[in-house]
Structures are given as structure tokens and as C-alpha cells.
Amino acid sequence: MLWKLRAWTPYVYLVPSLILLGAFTYYPIWRSVYLSFFEWNLFSPRPVYAGLANYEYLLSDPTFRLVMRNTLVYVAVTIPITMALALITAVLLNERLGWLRDVYRVAAFYPTMVPMAAAGMLWVLLLNPSIGLVNHYLSYLGIGRIDWLYDMNWALPAIMLASVWKNYGYFMLIYLAGLQNIPGSLYEAADIEGAGFWHKLRYVTLPLVAPTTVFVFVVAIISSFQVFDLVYVMTQGGPGDRTNVLMYFIYQYAFRFGDWGMGSALTVLFVGALLVVILLVMRMVERRVHYEV
């Protein structure tokens, strides 16, 4: 009898976590899937079964296609730039820089500690077409005034710039942790063989931080698909929906337009697209990454 009680003890400790996980994760997911098949908005207080009508409307909606294009462009541009900048910074800060190394590390990581809303407001000021520092310094290069957040061609790149500045410090810290696990003897052997900085980076550092790169890549994908704060603070999806991304589009339908059925359908598409992308990434890299030195 005592043995049976001990066998159940771990599950008893898991119950509080499972309750919270079920209440705030699994139930909302199931509820969103369920409501996505209903028409439920401010004009229809009670859910009315609509089948696949919400999905059919979204797939034929040009605004939804523009939103998906914006999201994919944002993901495709910000992830490689952020990861490359984070890796290069981590490699440089992993060198012997004396007491200044900690100062540089804090300076590089500092943007990560700034709240997202505050970071958005900071970049609104920096990109202000009249008094912003970005246009001020670009003028010394002979570049004329750019309406960063009001020009259809520049608004999305402006948000990408703010995103890279905000997020690369976090990934840099993860890369730094990965670099600490590389044995110094490998670099010593490379020095004896006459390898330079770039050869050591290519043949020693990059292969051995591959597991860290996979983790950073997956986290970056999830973070990029979830971009909302910067869009809300800086442009609110404008001008002309050129910065409207999937997460902000869900917010618009669910909370601004009061269309909870369509918002649920968008949420299902969002989660489905994210899962597909992550599964494809893991399938592509799982055989190319070695987790032992």
C-alpha cells in the first residue's frame, strides 16, 4: 500500500501545474478551434454555426494575404540579421578584453531589458521625420528626409530595425553561454596549425555552437511570429496595412472589431502556421547538428 502511494506522489505534485496549464493553455486552444467554426460578433451575440465560412473568407481576403506577406517578410529579414549580429557580438565579447568586457556585455544586453512599449516609443522619437536623430545623422551622408513610419516603403523596415536592436542582445547572451562550452584546447590546436580568426570561426566555432543556433533559431521564429508591441506602438498596422502582421491582425478582429469567430479562426491559422514552420526547421536540421563535442 505504501509503495502504491509513493508511486502516485510525483503525479500529485504535478496536479497544480497541470491545472494551470489546462486552464490557461489547452482550454483556450480548444476553445479557439471550436469558436473558429462559428459566426460570433457584436451583431450576433450568440454563436451561430458557420462551418468553414470564416476560413474561406480569410483565404479569399486580400488584406489577409497582405498581412501574411508582411509577417513572412518580417520573419525572413529580422531572424538572419538578428542571429548574425548576436553571434558576431558574442564571439567578439568572448575574447579577452580585460575589465571592459563586462561593460561591453552589459551595453549589448541593455536593449533587451527595456520594456517593449518603451522601446517602441524610443524608436518613434528616433525615426521622427523632423526631429529624429536617424534623419539628422543621415543628412550628413547626403540622404534626404525619410518619413520612416509614414511611408509605405519604409514603415516595415523601420519596425524591423527596432526589432533587431531590441532582440539581438538576448540571443547574444545565449550564444555567449554556448561559446563557454567550447573547449579552449580546440582553439589552441587551431592556433598551432596557423588558423586565423575566420578559419577558427568557420571550422571550430560555428559547428560547435550549432545546437545553440538551433535553439536560438526556434526561439527567434516564435518571437518573430508573435511581434505585436512594436507594431501597436509605432504604426498600429499602417500606413495602408503595410506593417499589419498576423498577431496585430488577430487583435484587430478580436478586440477592435469584436468579431470573435474570425479572431479565433485567425488564431488557429497562426498556431498552425507556426507549428508547420517549426516542424520543418527541426526536420531540416536534426541530422546536421551534433550535440556532443
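**Notebook: helices, pockets and a few side chains**

I started at Y203, whose side chain makes a polar contact of 3.4 Å with the side chain of R202. For polar contacts I used pairs of N or O atoms within 3.5 Å; within protein one must be able to donate a hydrogen and the other to accept it, and residues adjacent in sequence count only if both atoms are side-chain atoms. Y203 sits in helix 9. I also checked Y203 against A190, 13 residues away along the chain, and got 9.3 Å between their C-alpha atoms.

Ground rules, for the record. This is a predicted model, where local features need pLDDT of at least 70, side-chain atom pairs count only at pLDDT 80 or more, and totals for chains, interfaces and linings use all residues. Residues are numbered from 1 along each chain as its sequence is written, and side-chain values use heavy atoms, with hydrogens and water left out.

**Overall picture**

I found 13 helices and 2 strands in the protein. Both are DSSP runs numbered from the N terminus: helices are H or I with at least four residues, strands E with at least two. The C-alpha atoms fill a box of roughly 80 × 75 × 30 Å along the principal axes. Of the 293 residues, 37% are buried, meaning under 20% relative accessible area with a 1.4 Å probe and protein chains only. I then took contacts (heavy atoms within 4.5 Å) between residues at least 6 apart in sequence, and 67% of them join residues at least 24 apart.

**T78**

Next I went to T78, in helix 3 (residues 62–93). Is T78 buried or exposed? T78 counts as buried because its relative accessible area is 2%. A polar atom of its side chain lies 2.6 Å from the backbone oxygen of Y74. Leaving out residues up to four places away in sequence, T78 touches M160, V164 and S224.

**Helix 10**

S224 comes up again in helix 10, where the buried residues include A210, P211, V218, I221, S224 and F225. Which helices cover the buried residues of helix 10? The cover includes helix 3, helix 7 (155–180), helix 9, helix 12 and helix 13. I checked the length too: the 16 residues of helix 10 (residues 210–225) should span 22 Å at 1.5 Å a residue, and the end C-alpha atoms are 22 Å apart, so the two agree. The expected span is 1.5 Å times one less than the number of residues.

The largest pocket holds about 490 Å³ of space. It has 15 lining residues, and the closest to its centre are N94, E95, R96, Y187 and K200. Helix 8 (184–192) and helix 9 (197–208) each supply at least two lining residues. By class I get 6 nonpolar, 3 polar and 6 charged.

The second largest pocket has a volume of about 380 Å³. Its lining also has 15 residues, with P28, S32, I250, G263 and T267 closest to the centre. Here the classes are 11 nonpolar, 4 polar and no charged. Which helix gives the most to this lining? Helix 13 does, with 7 residues.

Volume is the space filled by probe spheres set on the points, which are joined across faces, edges and corners. Ala, Val, Leu, Ile, Met, Phe, Trp, Tyr, Cys and Pro are nonpolar, Asp, Glu, Lys and Arg charged, and the others, Gly among them, polar.

Technical notes. Buried means under 20% relative accessible area, exposed over 50%, partly exposed in between (1.4 Å probe, protein chains only). On a 1 Å grid over the protein atoms alone, a cavity is a set of points where a 1.4 Å probe fits but cannot get out, and a pocket is an open set with protein on both sides within 12 Å along at least five of seven lines; lining residues have an atom within 4 Å of a point.
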